[in-house]
Amino acid sequence: MRSLLTWLMFSHLLIAEERYEFERPLMGTLFRIQTHATSRQVAQKAVDAAFAEAEAINEVASDYIADSELLDLSKKPAGQPVAVSPRLFSLIEQARAMAQITDGAFDPTLGPLTKLWRESRRRQQLPSEDVLKLARCASGYQRLNCDRNNSTITLQVSGMRLDLGGIAKGQAADAMLAVFFRHNLQSTSITAGGDVRLGAPPPGQKGWTVGVRTFDRHTDSETLVLSHCAVSTSGDLQQAIEINGTRYAHIIDPQTGLGLTRSVAATVIAPTAAQSDALATACCVLPQQKARELIKTIPGCSFHLPEMRE
Ligand code: AMP
Ligand code: MG
């Protein structure tokens, strides 16, 4: 009996785990998963369940899918509590909390302004002062109300539109890692564009090696070895428009309502990818010193900025 128990205790050590990699496009980026499992079939089962979860998040929270629950919410009359699905409620509540923490540098109610940015990109023209003013008046996280008891969301101002683009990839990566944990695959890394969510280190290693991008599109200037946390990089590298000789990043400055015109990049390490994703976006908006100070106040977070051009 004793020898059987000993065998059972150590048998899992005899079955070697291998690293498996998977990729799938989603949310306008490429999701890349690395996981350690005893077979590809075991890994594949978790991968399929994790992507099902990420797709469900995308379906409710995308502001590119015309009939997503998020966009439906923006079409409801202002000031009225709207009952939303538990999934959407939790995404919005988390985004609102990050807006509060960053004092609105990250703000999921900037939807009217991100919509104008996309129109500017299409028309190669900035919005008029009046149009910009109207959009700015319809934004502001203080006027986004989340009622947890009733699972309702209230957009308190007419024309308000939510955009979770600065946090949703992180939220999806968190949800995906939770699926891997439920499948007992702890040594897993999920990369969603500039957002990385890490579980336990690969077997026998100290952690996952994460490259931090800087202004040079082709090189990682710093590598970090990490586990059980998340890393996000935001900046103006990936998407920016140029109008009349000025570059406007896809990150909106809530003060001006337009894309940031400074050259910006920020990498944030945080306990979850929802946090690191939102904070990296916020750190691009804030002046560098303020960004550093903010990150210092949040438990488990650190700020990396190998090169910053202001
Ligand atoms: P990220 O690439 O994570 O920095 O997120 C950028 C995306 O977030 C943009 O494409 C917009 O959809 C949205 N966004 C832009 N500016 C902000 C902001 N100041 N706060 C929150 N979301 C923003
Ligand atoms: Mg972000």
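Start at H228, in the loop between β9 (220–226) and β10 (229–235). This is a predicted model, and the backbone here is worth a check: phi of H228 is near 50 degrees, a positive value in a residue other than glycine.

Next, select N244. This residue lies in the loop between β11 (240–243) and β12 (246–249). Phi of N244 is also positive, near 50 degrees, and N244 is likewise a residue other than glycine.

Now move to ligand 1 and display the residues around it. How many residues surround ligand 1, and which are the closest? There are 15, and the closest are D107, D163, S234, I252 and T281. Colour this shell by class: six residues are nonpolar, six are polar and three are charged. Then colour by secondary structure and look for helix α8 (residues 273–285). Helix α8 gives the most to the shell around ligand 1, with three residues.

- A105: a backbone N or O atom lies 3.0 Å from a nitrogen atom of ligand 1.
- D107: a backbone N or O atom is 2.9 Å from a nitrogen atom of ligand 1. D107 is also listed among the closest residues of the shell.
- I252: the distance from a backbone N or O atom to a nitrogen atom of ligand 1 is 2.8 Å. I252, too, is one of the closest residues.

On its own, ligand 1 has 500 Å² of accessible area, and the protein covers 89% of that. Where does ligand 1 sit? The site is the largest pocket.

Leave the ligand for the last stop, the aromatic rings. How many aromatic pairs does a search of the whole structure find? The search finds one. To see it, select F31 and F51 and show their side chains. The ring centres are 6.3 Å apart and the planes stand at 65 degrees; the cut-off for edge-to-face is over 60, so this pair is edge-to-face.

F31 lies in strand β2 (residues 29–37) and F51 in helix α2 (residues 40–61), so the pair ties together parts that are 20 residues apart in sequence.

Definitions and conventions: Residues are numbered from 1 along each chain as its sequence is written. Chains are lettered from A and ligands numbered from 1 in the order in which they are written. This is a predicted model: local features need pLDDT of at least 70, side-chain atom pairs count only at pLDDT 80 or more; totals for chains, interfaces and linings use all residues. Side-chain values use heavy atoms; hydrogens and water are left out. A residue is near a molecule or strand if one of its heavy atoms lies within 4 Å of it. A polar contact is a pair of N or O atoms within 3.5 Å; within protein, one must be able to donate a hydrogen and the other to accept it, and residues adjacent in sequence count only if both atoms are side-chain atoms. Accessible areas come from the Shrake-Rupley method with a 1.4 Å probe; for residues, only the protein chains shown count as cover. On a 1 Å grid over the protein atoms alone, a cavity is a set of points where a 1.4 Å probe fits but cannot get out, and a pocket is an open set with protein on both sides within 12 Å along at least five of seven lines; lining residues have an atom within 4 Å of a point. A molecule sits in a cavity or pocket if more than half of its atoms lie within 2 Å of its grid points. Helices (H or I, at least four residues) and strands (E, at least two) are DSSP runs, numbered from the N terminus. Ala, Val, Leu, Ile, Met, Phe, Trp, Tyr, Cys and Pro count as nonpolar, Asp, Glu, Lys and Arg as charged, and the others, Gly among them, as polar. Rings of Phe, Tyr and Trp (its six-membered ring) pair if their centres lie within 6.5 Å; planes under 30 degrees apart count as stacked, over 60 as edge-to-face and the rest as tilted.
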